[in-house]
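Have the model open in your viewer and let's take a walk through it.

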Amino acid sequence: VQVVNGSPDFNNASDWSSPIPLSSLPGSGDMQGLGNAIVGSTLHQELWRNNTRWTRTVPVADGVVQWGSADSWVSGLTNFGTMPGSGTVQVSNLYVLGGTLYHGFWRGDQGFSRTIPISNGVPQWGSASDWSNPIPLSTLPGSGSLQSLNIYRTGNYLRQGIWRNNWG
C-alpha cells in the first residue's frame, strides 16, 4: 500500500500475495504472533509458534526487502518465567518511533510492552526497559480474546488495528 501525504492509500493497494505455507516457517504448531519492524536498513522479524519465539533479520536496500539474503531463523526466549503474564502467546508486535523500538505481546488476554533504544541503526536489546504492567483486554473495543494486533506509523499518525471474536 503506497503512502500518499502521510496516509496509506488503501484504494490503490496492490493485490495480496500468494499464501505462505506454515510449513515454510520454523517451529511447529499454529501461528500465534508475527511482528516486523524496519530499523535503519534492517527488517527485524519475530514470530511465535507453540509458545516459542523465533527471530531473524533481513537486509533492506533502497527500500526493498532483500528476502534472498535473510538470516536464518533463531529460536529463543522459550522460558515464560522471563516474561510477564501467563498462558499462551496470542499476538506480538514491533514498531519504531524515533530512536526507539517498541516491543509488545499479548498472552492470557493481557498485553505487555517494553522499549528498546536504537543506537546507530541497531536495537540495543540489552538495554530494554522492564515490561509494562499488564494492559487489560477490557480497554479494547469488542468482545472475546485478542486474535490479531497491528501497529504501524504513517506520517504523524500511529495506526492500530485489532481483531476480536472474528471482527476487526
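**A walk from one arginine**

Start at R107, where the side chain reaches the backbone oxygen of G87 at a distance of 3.1 Å. Keep in mind as you look around that this is a predicted model. R107 belongs to strand β9, which covers residues 100–107. So what about its charge? R107 is buried, yet it has no salt bridge. The nearest side chain of opposite charge is that of D109, and it is 11 Å away; a salt bridge would need a side-chain nitrogen within 4 Å of a carboxyl oxygen.

Now look across from β9 to β8. The two strands run antiparallel, with eight bridges joining them. If you want a landmark for the pairing, find L94, which stands opposite H103 in β9. Together β8 and β9 form a hairpin, and two residues sit between the strands. One spot to check in that turn is G98, which has a positive phi of about 60 degrees.

How much of β8 is covered? Mostly, it is: seven of its nine residues are buried. That brings us to the largest nonpolar core, which is made up of eight residues: V91, Y95, W106, L137, L146, L149, I151 and I162. Which strands supply at least two residues each? Those are β8 (89–97) and β13 (146–154). β13 gives the most to this core, with three residues.

Setting aside its neighbours within four places in sequence, V91 is in contact with Q32, G33, F105, W106, L146, Q147, S148 and L149.

N50 isn't a glycine, but its phi is positive, at about 50 degrees. You'll find N50 in the loop between β4 (42–49) and β5 (52–61). The other is N166, again a residue other than glycine, whose positive phi is near 60 degrees. To locate N166, go to the segment after β14 (157–164). Is N166 buried or exposed? N166 is exposed, because its relative accessible area is 59% and the cut-off for exposed is over 50%.

Notes: Residues are numbered from 1 along each chain as its sequence is written. This is a predicted model: local features need pLDDT of at least 70, side-chain atom pairs count only at pLDDT 80 or more; totals for chains, interfaces and linings use all residues. Side-chain values use heavy atoms; hydrogens and water are left out. Helices (H or I, at least four residues) and strands (E, at least two) are DSSP runs, numbered from the N terminus. Buried means under 20% relative accessible area, exposed over 50%, partly exposed in between (1.4 Å probe, protein chains only). A nonpolar core is a set of buried Ala, Val, Leu, Ile, Met, Phe, Trp, Tyr and Cys residues joined through side-chain atoms within 4.5 Å. Contact means heavy atoms within 4.5 Å. Lys and Arg count as positive and Asp and Glu as negative; His and the chain ends are not counted. A polar contact is a pair of N or O atoms within 3.5 Å; within protein, one must be able to donate a hydrogen and the other to accept it, and residues adjacent in sequence count only if both atoms are side-chain atoms. Two strands pair if DSSP finds at least two bridges between them.
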